[in-house]
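This report looks at strand pairing and at charged side chains. The sequence and the structure come first.

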Amino acid sequence: MTTDYQHISIQTIDQALVITIQERQLRDYGLAKALEQEMKQAVAESEYKNTVLDMEPVVMMTSSSLLALLGLRVFVREAAAELVLCNLQVAVAEALTVSQLLVERRNVGAHFRLAENVPAALAMLQQQHED
């Protein structure tokens with residue numbers, strides 16, 4: 001089943017779902033909820049549940065958008081899979097860091113793992129699968 005999404009694009013690479021957010025600014029609650037629903041639907045419909053979230057186009061986000069990312073993380077985890085964020089712009093990375101949602105090297109209690117780009121994120125998922 002092919003679904004047309006308004007706020008994301010998807011592709012499958014190396015047995016992982018790659019979701020790219022198409023919005024530059026994630027400002028309001030309505031957009032955050034719509035984005036969360038589209039991302040969850042993409043995971044639900046995908047054969048592969050390990051997910052890379054490519055955020056390269058996003059230059060600004062609000063706290064409601066952070067909640068959408070947390071909702072996606074919970075959804076992916078409930079599918080016994082992993083989520084890795086990549087291609088974060090400086091302002092987005094700062095928002096996640098200030099909110100203490102990014103994993104630092106040894107901080108397994110944080111919510112998100114981060115990779116520099118899509119290939120690095122895929123390598124992280126593959127390495128975890130092999131461990």
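This is a predicted model: local features need pLDDT of at least 70, side-chain atom pairs count only at pLDDT 80 or more; totals for chains, interfaces and linings use all residues.

**Strands**

Strand S4 covers residues 51-54, and both of its faces are covered. Thr-51 and Leu-53 are buried on one side, while Val-52 and Asp-54 are buried on the other. Strand S2, residues 16-21, pairs with S4 in the parallel sense over four bridges. In that pairing Thr-20 stands opposite Asp-54. S4 also pairs with strand S6, residues 83-86, again in the parallel sense and over four bridges. Here Leu-83 of S6 is the bridge partner of Thr-51.

**Salt bridges**

Side chains of opposite charge can pair when their charged atoms come close. In the whole structure, four salt bridges are found. The table gives some of them.

| Pair | N to O distance |
|---|---|
| Lys-33 and Glu-36 | 3.1 Å |
| Glu-82 and Arg-77 | 3.5 Å |
| Glu-82 and Arg-113 | 3.9 Å |

Glu-82 is buried, with a relative accessible area of 16%. Arg-77 is partly exposed at 41%, whereas Arg-113 is buried at 18%. Glu-82 lies in the loop between helix H2 (63-78) and S6, and Arg-113 lies in strand S7 (residues 113-115), so this pair ties together parts that are 31 residues apart in sequence. Elsewhere, salt bridges with shared partners join Lys-33, Glu-36 and Lys-40 into one network.

Lys-33 and Glu-36 both belong to helix H1 (residues 29-45) and sit three residues apart, about one turn of the helix. Lys-33 is partly exposed, with a relative accessible area of 32%, while Glu-36 is buried, at 6%.

Key. Residues are numbered from 1 along each chain as its sequence is written. Side-chain values use heavy atoms; hydrogens and water are left out. Buried means under 20% relative accessible area, exposed over 50%, partly exposed in between (1.4 Å probe, protein chains only). Helices (H or I, at least four residues) and strands (E, at least two) are DSSP runs, numbered from the N terminus. Two strands pair if DSSP finds at least two bridges between them. A salt bridge is a side-chain nitrogen of Lys or Arg within 4 Å of a carboxyl oxygen of Asp or Glu.
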